[in-house]
Amino acid sequence: MQTATTIFEPTNIGGLTLKNRIVMAPMTRNRASVAGVPSDLAATYYAQRASAGLIITEGTQPSPDGQGYPRTPGIHSAEQIEAWRKITDAVHAKGGRIFLQIMHTGRIAHRLNRTVYRPPVAPSAIQALGTIYTDSLGPQPHSLPRALATEEIPSVIEEYRRATINALAAGFDGVELHAANGYLPMQFLSSNSNQRTDRYGGSVQNRARFVIETLEAMIDGAGSASKIGLRVSPGNTFNDMHDANPVGTHLHLTEEVSPLGLAYLHIQQQPKDVHTGGVFDPVKLLRPIFDGPIIATGGFDRDSANRLLSNGGADLIGFAALFITNPDLVERFRSGAPLAPPDAATFYTPGPKGYTDYPVLGTEALVGALAAGGRWS
Ligand SMILES: Cc1cc2nc3c(=O)[nH]c(=O)nc-3n(C[C@H](O)[C@H](O)[C@H](O)COP(=O)(O)O)c2cc1C
């Protein structure tokens, strides 16, 4: 890929033209129905942000067993596919591009958040430390997971293949495998959560096997690797991830997946990695290993994003929290307009507040004037 000098330059991933290099990073917003059907509000929310070169949706479960949090959407029922179709249509109508993120949460789950009354599955029966939010009881310890039997693993991988087929049927431009932030694929990668003794545990080759086989199944489902992206977060300890050697694990994984011809590798860095001298910078680590477009996400503003692109450190930059409060983030970056700060209080609450009610530039003054009792004319 050619080195870009700014985030506003068009680019291409997997044969798909993107109007700029600004990616709306995946964000769980917990506004779907209990049955995991995305709401009509979600179509408004994503269409409002369609000026991004690429939108990657919130994490979406490939099956009822993949759900860990309340009110997250799925991509396994006809009703869900139909609802997602409205969203992809709305984004495409505004000239946007949209990938679905597939998120199986594995042991990061509570049974109160799920529609199936059985323990979550994981590589090993090791409960994650920490708590998870539930609507009825607030934060609760994670449920104790059940270890997947070796012969069950193909059926979990099949869920990802099926979800990929469903996503493309719903009109998505592609699908991202969420192998970051402590969910099922990263639980296989990390030595603390994976203590298996079969071909999916132990050596780095074995711990990476689940992610590689899942990608292969997704590629098979899509009929092309160019529609599949991979997200990783090497060294991220969120959700009780403590791999003994995150550098070695992710170097091996990246070497293995690089020849597949994926649409991109999406690397989430922790702001501390780059800004306060964390142990290593995952983007710098994997950039030379992966032969294809790199999306870097985590703690960027316009200037730091442009700096990384112009020195060749990445090809696209993801922005998450800023996209919530600034639906027209691209325009604000372009014009240098002030940015509205994120408001964590409404990240995960149901309804339009903090979701679809953020104004775009130019309407703010108007909204302010109306709130102050002003009139349209
Ligand atoms: C409200 C919220 C929800 C998120 N949900 C997801 C998710 O579903 N999948 C995922 O891979 N990352 C998720 N993330 C992480 C973001 O994609 C991103 O990597 C992180 O926020 C750092 O980027 P930022 O500094 O631009 O916000 C979420 C972040 C936020 C703020």
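These questions and answers walk through a predicted model.

Reader: How many helices and strands does the protein have?
Author: The model is predicted, so to speak of its elements is to speak of a computed fold. Both kinds of element occur in the protein. The count is 12 helices and 14 strands.

Reader: Why does the radius of gyration agree with a compact globule?
Author: The protein has 377 residues. A compact globule of that length would come out near 21 Å. The two agree because the protein has a radius of gyration of 20 Å.

Reader: What box do the C-alpha atoms fill?
Author: The box is taken along the principal axes. Its sides are roughly 70 × 50 × 40 Å.

Reader: What share of the residues is buried?
Author: A residue counts as buried if 20 or more other C-beta atoms lie within 10 Å of its own. Of the 377 residues in the protein, the buried share is 50%.

Reader: What share of the contacts with a separation of 6 or more joins residues 24 or more positions apart?
Author: Take the contacts in the protein with a separation of 6 or more. Pick out those between residues 24 or more positions apart. They account for 72%.

Reader: Which strands pair with β13?
Author: Strand β13 covers residues 294-297. Strand β12, residues 264-268, runs parallel to β13 and is joined to it by 4 bridges. On that side, I267 has A296 as its bridge partner.

Reader: Are the two faces of β13 covered or open?
Author: In a regular strand the side chains alternate between the two faces of the sheet. In β13, I294 and A296 lie on one side, and I295 and T297 on the other. Every one of these four is buried. Both faces are covered.

Reader: Which residue in β14 is the bridge partner of T297?
Author: For T297, the partner in β14 is G318.

Reader: Which helix makes a β-α-β unit with β13 and β14?
Author: The unit it makes with β13 is right-handed. The helix covers residues 302-310 and is α9.

Reader: Which residues come nearest to the ligand?
Author: There are 22 residues around the ligand. Two elements give two or more residues to this shell: β4 (54-60) and α10 (321-325). By class, the shell has 11 nonpolar, 9 polar and 2 charged residues. The nearest are A25, T28, G59, A320 and A321.

Reader: Is N239 buried or exposed?
Author: N239 is found in the loop between β11 (228-232) and α6 (246-257). Its phi is near 60°, a positive value in a residue other than glycine. Around N239, 24 other C-beta atoms lie within 10 Å, so N239 is buried.

Methods
Residues are numbered from 1 along each chain as its sequence is written. This is a predicted model: local features need pLDDT of at least 70, side-chain atom pairs count only at pLDDT 80 or more; totals for chains, interfaces and linings use all residues. A residue is near a molecule or strand if its C-beta atom, placed from the backbone, lies within 6 Å of it. Ala, Val, Leu, Ile, Met, Phe, Trp, Tyr, Cys and Pro count as nonpolar, Asp, Glu, Lys and Arg as charged, and the others, Gly among them, as polar. A residue is buried if 20 or more other C-beta atoms lie within 10 Å of its own, exposed if 12 or fewer, and partly exposed in between; C-beta atoms are placed from the backbone. Two strands pair if DSSP finds at least two bridges between them. A crossover is right-handed if, with the strands pointing away from the viewer, the path from the first strand over the helix to the second runs clockwise. The radius of gyration is taken over C-alpha atoms; the globule rule is 2.2 Å times the number of residues to the power 0.38. Two residues are in contact if their C-beta atoms, placed from the backbone, lie within 7 Å.
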